[in-house]
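Have your viewer open and your selection tool ready.

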Amino acid sequence: MNAQPGPRARAWLAALALAATGCATAARPEAVDAAAAAPATTFVLVRHAEKARDGSDDPPLTEAGHARAARLARWLERAPLRAVYATDYRRTRQTAAPAAQRHRLPVLGYDAKRPPGEFAAELRRAHAGGTVLVVGHSNTVPALAAALCRCEVAPMSEAEYGRRLRVRVAADGAAVLEETRDE
């Protein structure tokens with residue numbers, strides 16, 4: 001079995017390698033250790049679950065929508081959920097509620113019309129470590145995910161409900177986008 005060095009050992013090895021090359025900008029091992037130990041933040045972004053076609057501007061979730069919201073809560077059950085955000089519509093709040101309740105968190109409101117880059121910057125500043133759930137809409141979630149990861153994100157159709165976008169932001173600001181589906 002090949003044992004891989006842990007983060008602390010890798011930091012020391014990197015510092016020693018830089019020192020051995022005579023590099024004047026070699027990082028102190030303590031600084032490298034601090035960067036390696038800093039927590040990453042994971043942002044999970046989803047579109048609200050299936051909504052009723054009741055003719056209103058603020059429809060509730062359907063039975064299938066409530067079931068999807070419950071699956072999302074189960075999927076996040078073991079995540080270190082630190083905050084839950086939803087726009088001020090019944091369908092988004094109802095999608096967010098099961099996960100928030102499971103983690104004993106309030107559902108925090110945000111304005112769906114707010115520029116995504118501005119909201120993404122606020123989310124990055126406000127949360128260091130843990131997981132943050134953001135429930136939005138097909139026309140807002142991809143742009144917000146793109147602003148968080150600083151990458152391309154495919155648009156969502158009005159008929160798409162199962163895509164989960166997960167943006168993992170490291171302490172140094174580097175971000176990785178992962179997409180999963182709940183079908």
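Select Asp182, which counts as buried at 9% relative accessibility (buried means under 20% relative accessible area, exposed over 50%, and partly exposed in between, with a 1.4 Å probe and protein chains only). Before going on, please note that this is a predicted model, in which local features need pLDDT of at least 70 and side-chain atom pairs count only at pLDDT 80 or more, while totals for chains, interfaces and linings use all residues. Residues are numbered from 1 along each chain as its sequence is written, and side-chain values use heavy atoms, with hydrogens and water left out.

Helices (H or I, at least four residues) and strands (E, at least two) are DSSP runs, numbered from the N terminus. Arg71 is partly exposed, at a relative accessible area of 27%.

Next, bring in Arg68, which also meets Asp182 in a salt bridge, at 3.1 Å from N to O. Here too the link spans distant parts of the chain: Arg68 belongs to helix H3 (residues 63–75) and Asp182 to the segment after strand E6 (175–181), 114 residues apart. Arg68 is buried, with a relative accessible area of 11%.

Which residues make up the network of salt bridges around here? Select Glu50, Arg68, Arg71, Arg164 and Asp182 together to see it. The structure holds 14 salt bridges.

Pick residues 116–126, helix H5, and colour its buried residues, Phe119, Ala120, Leu123 and Arg124. Looking down the axis of H5, you will find these buried residues within an arc of 140°, so they line one face of the helix (the arc is that of the directions from the helix axis to the C-beta atoms). An α-helix has 3.6 residues a turn, so residues three or four places apart point the same way. On the face of H5 turned away from the buried side, look for the exposed residues Arg125 and Ala126.

Then select Glu118 and Arg114, which form a salt bridge with closest N and O atoms 2.9 Å apart. Glu118 is partly exposed at 44% relative accessibility, and Arg114 is partly exposed at 23%.

## Stop three: the disulfide

The structure holds 1 disulfide. Is it left-handed or right-handed? The torsion about the S-S bond of Cys149 and Cys151 is about -80°, so the disulfide is left-handed. Cys149 is buried at 6% relative accessible area, whereas Cys151 counts as partly exposed at 31%.

Terms used. Disulfide = S-S within 2.5 Å. Salt bridge = Lys/Arg side-chain N within 4 Å of Asp/Glu carboxyl O.
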